[in-house]
Amino acid sequence: MKYYDVLENLVRDAGAEGAVLVSVDGLAIASVLPAGVDEDRVAAMGAAILSLGERVTAELNKGQLEQLYIKGSTGYVIFTGVKDVAVLGVLAPANAKLGLLLMEIQRAIKKLETELG
Amino acid sequence: MELPEELLDLINKAYRDANLYYIGIFIKNKEIVSRTSSKSDKLSISFGRLIERSLELNEILPNFKEEFLFSEGKDYSLFVYYVEEELSIGMIHIGKPNFSMLKIVGLDLAKEIKKYKDQLKEIYLQEVQTITIKEETSEEATQVKQEVFKQDENRDFFKDEINELEKVLSFKEYELKEDITQPSLEDILTTQKEEELSYEPPPLEEILTAKTEEEKLEPPSLEQIISDRGSVSEDSLINTEEILEKIKNEFVREIGPFGMLLFKKKKEEYFKTRNVTKFEILKFIQLLAEEISVEKRRNEFIENAKSLLINL
């Protein structure tokens with residue numbers, strides 16, 4: 001429930017469409033997603049994309065990849081690592097204020113890190 | 001088919017002007033041409049997979065239509081510009097992250113690259129066909145040289161596979177000998193009685209001839225086995241679907257629930273043009289293993305999946 005609250009606040013404060021917290025193996029921990037979006041598939045996709053991004057940065061010897069975002073014609077999908085144990089995925093509309101969104105995500109990450117211990 | 005000089009110039013120019021560490025043009029997940037300071041082949045492979053997976057977002061979020069992907073660290077930025085559905089530009093910049101610069105470079109290059117999209121797709125198709133032919137008839141394969149595809153890597157890949165196949169096949173020989181259904185006590189007694197009743201020792205000459213013939217029997221070479229693999233494997237493929245299902249379970253266990261979708265997709269793609277033979281399943285296991293990023297888990301998967309084949 002505590003994770004759900006963090007996600008709900010994030011969606012509300014940042015003007016996002018949805019958010020999902022995923023374990024590194026791709027299983028959803030909590031989510032606030034719009035109707036019609038499959039929680040499990042978003043979760044699995046988030047973990048997979050971040051993991052592949054990490055593989056690229058591992059080739060560069062540049063440490064761990066923290067955040068990756070994809071812009072589409074209908075909006076943004078932003079994946080951020082939470083410690084080494086989870087991935088936070090956020091869906092935002094195309095007109096979202098990216099700066100504000102990224103700041104709110106960082107705030108939510110801090111809360112989640114505390115919750116995850 | 002050769003890449004147009006103009007296209008190579010464009011890539012070189014972007015590489016120099018933006019002081020990039022890597023730039024590559026991709027069709028689906030295949031790097032068609034690149035320029036990089038990296039010595040590792042794995043970079044383009046991992047980059048290709050990242051692009052492929054990001055394109056799958058459209059399946060979850062209808063009409064998402066990717067425009068770009070961006071990621072940055074303290075001293076690097078990673079950028080993908082999606083030119084068209086299957087055509088993308090991947091870039092890596094080492095140094096202070098600079099999103100705007102990469103976006104402009106991507107945008108400019110995309111405009112120019114669109115002119116060459118048909119040629120790039122043709123090269124991609126040629127390469128895919130070449131690889132398919134090579135897998136089917138290793139010696140007669142057409143040698144189309146493109147710097148993009150790492151032939152040496154393929155050779156190493158087959159070397160490992162052949163070694164693994166050798167192990168599996170030799171193990172199977174023992175398995176088959178032992179795999180005789182255990183007769184019941186009644187059967188043993190009846191057979192024993194019949195044998196006792198009908199037993200007549202063969203003449204010494206016969207025993208000696210049989211022994212010589214036995215000595216002549218040599219196990220087939222690995223090459224023979226591989227060349228016959230179509231027919232041999234078809235005979236031995238009794239429960240391939242069951243085995244594939246078990247491999248899927250192993251894969252999902254290592255990669256998570258997304259593995260189900262990925263397995264289905266990879267299976268459809270891989271066995272579209274190939275027979276479901278033991279040899280092909282072995283190669284399919286390797287293909288799946290490449291999707292597992294953690295080495296320990298990848299090795300675990302390969303080991304477990306191959307042990308399933310031994311039971312075939």
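Of the 312 residues in chain B of this predicted model, 41% come out as buried, meaning under 20% relative accessible area, with exposed set at over 50% and partly exposed in between (1.4 Å probe, protein chains only). The model is predicted, so to speak of local features takes a pLDDT of at least 70, and side-chain atom pairs need 80 or more, while totals for chains, interfaces and linings use all residues. Residues are numbered from 1 along each chain as its sequence is written, chains are lettered from A and ligands numbered from 1 in the order written, and side-chain values use heavy atoms, with hydrogens and water left out.

Chain B holds 14 helices and 5 strands, taken as DSSP runs numbered from the N terminus (helices H or I, at least four residues; strands E, at least two). As for contacts (heavy atoms within 4.5 Å), 57% of those in chain B between residues at least 6 apart in sequence join residues at least 24 apart.

Asn63(B) isn't a glycine, yet has a positive phi of about 60 degrees; Lys65(B), not a glycine either, has a positive phi of about 45 degrees. For context, most residues other than glycine have a negative phi. Asn63(B) sits in the loop between helix 3 (57-60) and strand 3 (66-72), and Lys65(B) is likewise placed in the loop between helix 3 and strand 3. Asn63(B) is exposed, at 53% relative accessible area, and Lys65(B) is exposed too, at 52%.
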